[in-house]
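Work through the exercises below with the sequence and the structure open. Each task is followed by a solution in steps.

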Amino acid sequence: MHILVIEDNHRLNNSLASSLTHEGYSVDSAYDGQEGQDLAEMTPYDLIILDILLPVKDGLEVCRDLRRRRIHAPILLLTARDSIDDRVQGLDCGADDYLVKPFARRELSARLRALLRRQQPAKQGQLALGSLVMDPSSHTVERDGQPIELTPKEFALLEYFMYYPNQVITREMIEQHIWNYDFECESNVIDVYVRRLRRKIDAPFAASLLITVRGVGYRLQLPPEQG
């Protein structure tokens, strides 16, 4: 999942980005309202974390403008303002949730998961392709009943493939959805992660599921005799 953090406190922004990246999200950061709005209009984010008190352009104004432009990504407001009127104003601007600073990181993570579940109701529960089974909520993967341990980035990559089985996923698509805005597309890091994923979900088993489409990208599919 691709998340945008719009927060002018560099220390908090960097801390959030680091924590969310460790959880397997792809994260972009902006440090003022206009920069954040520009990024949100250029990139299809799955979720936006938006501070209210921002330089250049206020967070509530950013929220209103994004909704006017029919950008429907869930927006979680962060702010030190904790009155009922402030919360109502933020929600009325089009935000989906509201978290008052200081907050517990576990609560933020839980709210993000809830918003993402609400955004993608058709993609809940286990994902399965043959005997390869993934449960995003418990962060577990198994094949033929054998548990498979994945790093957060490997898990995010496999989850993306399993949401779109039998479809060709290009390197550019992976770059946009799994890595962040500043990712160097000429790097071979995507190929490295695909190889690591293959070693875990394919190499120990009789048939390969993750196929290279030469010159294009990759496809997760059942072997022909099982398709």
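**Exercise 1. Confidence**

Task: State the average pLDDT of the protein and find which elements have the lowest and the highest mean pLDDT.

Solution. 
- Step 1. This is a predicted model, and the protein averages a pLDDT of 87. A score of at least 70 is reached by 92% of the residues.
- Step 2. Where pLDDT is low, the predicted coordinates should not be read in detail.

**Exercise 2. Lys-57**

Task: Locate Lys-57, decide whether Lys-57 is buried or exposed, and list the polar contacts of its side chain with Gln-37 and Asp-65.

Solution. 
- Step 1. Lys-57 lies in the loop that runs between strand 3 (47-51) and helix 3 (59-68).
- Step 2. The relative accessible area of Lys-57 is 10%. Buried means under 20%, so Lys-57 is buried.
- Step 3. The Lys-57 side chain has a polar contact of 2.7 Å with the side chain of Gln-37. Another polar contact, of 2.5 Å, links the side chains of Lys-57 and Asp-65.
- Step 4. Apart from neighbours within four places in sequence, Lys-57 is in contact with Gly-33, Gln-34, Gln-37, Val-62 and Asp-65.

**Exercise 3. The buried side of helix 7**

Task: Identify the buried residues of helix 7 (residues 171-178) and name elements that cover them.

Solution. 
- Step 1. The buried residues in helix 7 are Ile-174, Glu-175 and Ile-178.
- Step 2. Around the axis they span an arc of only 100°, so they are on the same side of helix 7.
- Step 3. The cover over these buried residues includes strand 2 (26-30), helix 6 (152-163), strand 10 (169-170), helix 8 (189-201) and strand 12 (217-220).

**Exercise 4. Strand 7 and its partners**

Task: Describe the two faces of strand 7 (residues 132-135), then its pairing with strand 6 and strand 8.

Solution. 
- Step 1. In a regular strand the side chains alternate between the two faces of the sheet.
- Step 2. In strand 7, Leu-132 and Met-134 are on one side, with Val-133 and Asp-135 on the other; all are buried, and both faces are covered.
- Step 3. Strand 6 (residues 127-129) pairs with strand 7 in the antiparallel sense over three bridges, and Met-134 is the bridge partner of Leu-127. The two strands form a hairpin with two residues between them, and Gly-130 in the turn has a positive phi of about 60°.
- Step 4. Strand 8 (residues 140-143) pairs with strand 7 in the antiparallel sense over four bridges, with Arg-143 opposite Leu-132. Four residues separate strand 7 and strand 8 in their hairpin, where His-139 in the turn has a positive phi of about 60°.

Technical notes: Residues numbered from 1 in each chain as written. Predicted model: local features only at pLDDT ≥ 70, side-chain atom pairs only at ≥ 80, totals over all residues. Heavy atoms only, no water. Buried < 20%, exposed > 50% of the residue type's maximum accessible area, 1.4 Å probe, protein only. Polar contact = N/O pair within 3.5 Å; in protein donor to acceptor, adjacent residues only side chain to side chain. Contact = heavy atoms within 4.5 Å. Arc of directions from axis to C-beta. pLDDT = per-residue confidence, 0-100. Pairing = 2+ DSSP bridges.
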